[in-house]
Amino acid sequence: MQGVLTGFAVIAVVIGVGYVLGLRGHLGPQGREVLTKLAFHVASPALLFTTLATADLSVVFSARLLVTALSTLAVAGAFVAVGVVRGWGVGRTTIGALCSGYVNSGNLGIPIAVYVLGDASLVAPVLLFQLVLVTPVAVTILDLSRGGGQGSLWRRVLTPLRNPIALGSLAGVAVAASGFEVPGAVMDPITLIGNMSVPAVLLAFGIGLCGSTMPLRGVERRPVLLAVALKAVGQPAVAWALASGVFGLRGAQLLDVVVTSALPAAQNLYTYASTYGVGERLARDAILVSTVVSVPVLVGVATVLG
């Protein structure tokens, strides 16, 4: 499967460059922190805005989106339930839930959609769902859990509007819904800044691997195993059951939703964990392990359903 291997190869190379940078100390002791802050506060909001401002919001009403939403809710809910019973804390459980159901729909999903599914736009429903709903809700919970939303009710209600990730997403949706075309003189520099997001996240992830212990060890072992199992096996299985059994999808449509659900956890989840200082090891290990495990899963899904 050329698409699967190409997508993973691109990610591996950039992460490898980040690892070498961290190993040699070229960016100094604060290199990872600077890249993380750059991605979270500047580049990622710009990328989300430009992506959503030109998106076709009609995909929100597709059956594919319903399958994506329900499968994400199922696996994230399963992790939350275990997290509550085990007492893993709000912030840590939120990161784990994201790692269980938030797929890498951008820098990995797009090339795989092109090479495996034959159409990059097929990843749009999951991309929009995650950017418009999941991201703003998750970062708001993380804000409130660390005390950033303490105070008046009005301050809590406005929490999403103080978060750059949520603000970029909501602004993009507003522009798309209004039909307003942003002038090129404004959109071009925002696009240029947004293009830094994915490389910055991957480089920071690679730097974060330097000097770290092997995954699946320590106190995060069980949460990581749970998140990876839900992401790599649980979510595509739920998506297949819903798509074929409930919505009656067959052929290419069925392949589409199952492949996108089988994508690994997104690298930007590590940025969220690092920014909020919670579940960093959980996010790093879950992303790394789910990325490795998803290769045979994606190949198997494409072979069986393709």
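Predicted model: local features only at pLDDT ≥ 70, side-chain atom pairs only at ≥ 80, totals over all residues.

Q: Okay, how many salt bridges does the structure hold?
A: There are 6 salt bridges in the structure.

Q: Which side chain does Glu-280 meet in a salt bridge?
A: That of Arg-32, with 3.7 Å from N to O. Side chains of opposite charge can pair when their charged atoms come close.

Q: And where in the chain are Glu-280 and Arg-32?
A: Glu-280 sits in helix H14 and Arg-32 in helix H2 (residues 31–53). The two are 248 residues apart, so this pair links distant parts of the chain.

Q: Back to H14. At what angle does H14 cross H13?
A: Roughly 170°, and the axes of H13 (residues 268–276) and H14 (residues 280–305) come within 8 Å. Because angles over 145 degrees count as roughly antiparallel, H13 is roughly antiparallel to H14.

Q: Which residues meet there?
A: From H13, Leu-269, Tyr-270, Ala-273 and Ser-274; from H14, Glu-280, Ala-283, Arg-284 and Ile-287. By type, that contact has 5 nonpolar, 1 polar and 2 charged residues.

Q: New topic: what makes the nonpolar surface patch?
A: Val-90, Val-132, Leu-133, Val-137 and Ile-141 make it, and the patch covers about 370 Å².

Q: Which helix gives the largest share of the patch?
A: Helix H6 (residues 124–145), with 4 residues. Val-90 lies in helix H4 (residues 90–101).

Notes: Residues numbered from 1 in each chain as written. Heavy atoms only, no water. Axes fitted to C-alpha atoms, helices over the stretch in contact; angles between N-to-C directions. Parallel < 35°, antiparallel > 145°, perpendicular 65-115°, else oblique. Contact = heavy atoms within 4.5 Å. Nonpolar A, V, L, I, M, F, W, Y, C, P; charged D, E, K, R; others polar. Patch = residues over 30% accessible without salt bridge, like charges linked within 9 Å, V, L, I, M, F, W, Y side chains within 5 Å. Areas by Shrake-Rupley, 256 points an atom, 1.4 Å probe, with all protein chains shown as cover. Salt bridge = Lys/Arg side-chain N within 4 Å of Asp/Glu carboxyl O.
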